[in-house]
Amino acid sequence: MRFRSIFFAPNLIKEIQQAKGQEIGTHTYSHYYCLESGQNEDQFANDIDTAIKMAAKFNINLKSLVFPRNQFNESYLACCAEKGLSSVRSNPNFWYWNTMTPQTMATKVFRTADAYFSLGTKSYEKEILNNKDPLCQPSSRFLRPQHKIELINALRLNRIKNEIIHAAKNEEVYHLWWHPHNFGIDPEGAIKTLKAIIEVYTYCKDNFGMESKTMEEFQLGIS
């Protein structure tokens, strides 16, 4: 029973349900890797069925999916639609984020460098999105964990701030994400960084009309 309360965290799920402006989506039931050798669409479908069944116990109707390890698999989109998932997160439209091609040392180096240095615009116009079922929403930026070197943290934060401001000024979409456990490395520093990001968002909201939306809200807004 102790294992269940920690691993599945039902109390946290209930708290998120009660919080304004939050959506509970799915990351698959078993953290399913959609591009690994040996797996197939039937297995993926069974996994999603289990996730839906578990969510129903909390009266949650799953609408959004984020593929584990960013293993976006376009051939599984029809299955997602059949299961009632109306939006999924895809990857940035840059060669080093293309998970359908072999991952090399170069892709890893560019993904890491991209967090700190300008390697292209990460926000995008919503008009470029496919208005299909499900809607594929490209991510913009992974908020990497705190680093021991403060200069690196500053570069990362400034990168994100500038991208948010650029997106707001140009009425573009900016999708920032992270894993909750990423904050465990340096909770104080991570929360401080998040507060700084929220301050920039608030500035953009007040001055440029920027809005914060869940994946489902965003999908409904352009459908």
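Trainee: In this predicted model, does His31 count as buried, partly exposed or exposed, and what is its relative accessibility?
Mentor: Buried means under 20% relative accessible area and exposed means over 50%, with partly exposed in between. His31 lies in the loop between H2 and H3. Because its value falls between those cut-offs, His31 counts as partly exposed, at a relative accessibility of 34%.

Trainee: What is the phi of His31?
Mentor: Most residues other than glycine have a negative phi. His31 is not a glycine, yet its phi is positive, at about 55 degrees.

Trainee: Where does Thr28 lie, and is Thr28 buried or exposed?
Mentor: Thr28 is in the loop between helix H2 (10-18) and helix H3 (41-56). Its phi is positive, near 75 degrees, in a residue other than glycine. The relative accessible area of Thr28 is 9%, and the cut-off for buried is under 20%, so Thr28 is buried.

Trainee: Which residues does the cis peptide bond join?
Mentor: Most peptide bonds are trans. Here omega is about 5 degrees, and the bond is cis. Its proline is found in the loop between helix H5 (105-114) and strand E3 (135-138). The two residues joined are Asp133 and Pro134.

Trainee: Which residues beyond its neighbours within four places in sequence is Val88 in contact with?
Mentor: Val88 is among the residues with the most contacts inside the largest nonpolar core. Leaving aside neighbours within four places in sequence, its contacts include Pro134, the proline of the cis peptide bond.

Trainee: Which element gives the largest share of the largest nonpolar core?
Mentor: That core has 19 residues, and those with the most contacts inside it are Phe44, Leu65, Phe67, Cys80 and Val88. The elements that give two or more residues to this core are H3 and helix H4 (77-82). The largest share is five residues, and it comes from H3.

Trainee: How many residues are in the other core, which lies apart from it?
Mentor: This other core includes Leu143, Ile160, Ala168 and Ala190. Its number of residues is 15.

Terms used: Residues are numbered from 1 along each chain as its sequence is written. This is a predicted model: local features need pLDDT of at least 70, side-chain atom pairs count only at pLDDT 80 or more; totals for chains, interfaces and linings use all residues. Side-chain values use heavy atoms; hydrogens and water are left out. Helices (H or I, at least four residues) and strands (E, at least two) are DSSP runs, numbered from the N terminus. Buried means under 20% relative accessible area, exposed over 50%, partly exposed in between (1.4 Å probe, protein chains only). A nonpolar core is a set of buried Ala, Val, Leu, Ile, Met, Phe, Trp, Tyr and Cys residues joined through side-chain atoms within 4.5 Å. Contact means heavy atoms within 4.5 Å.
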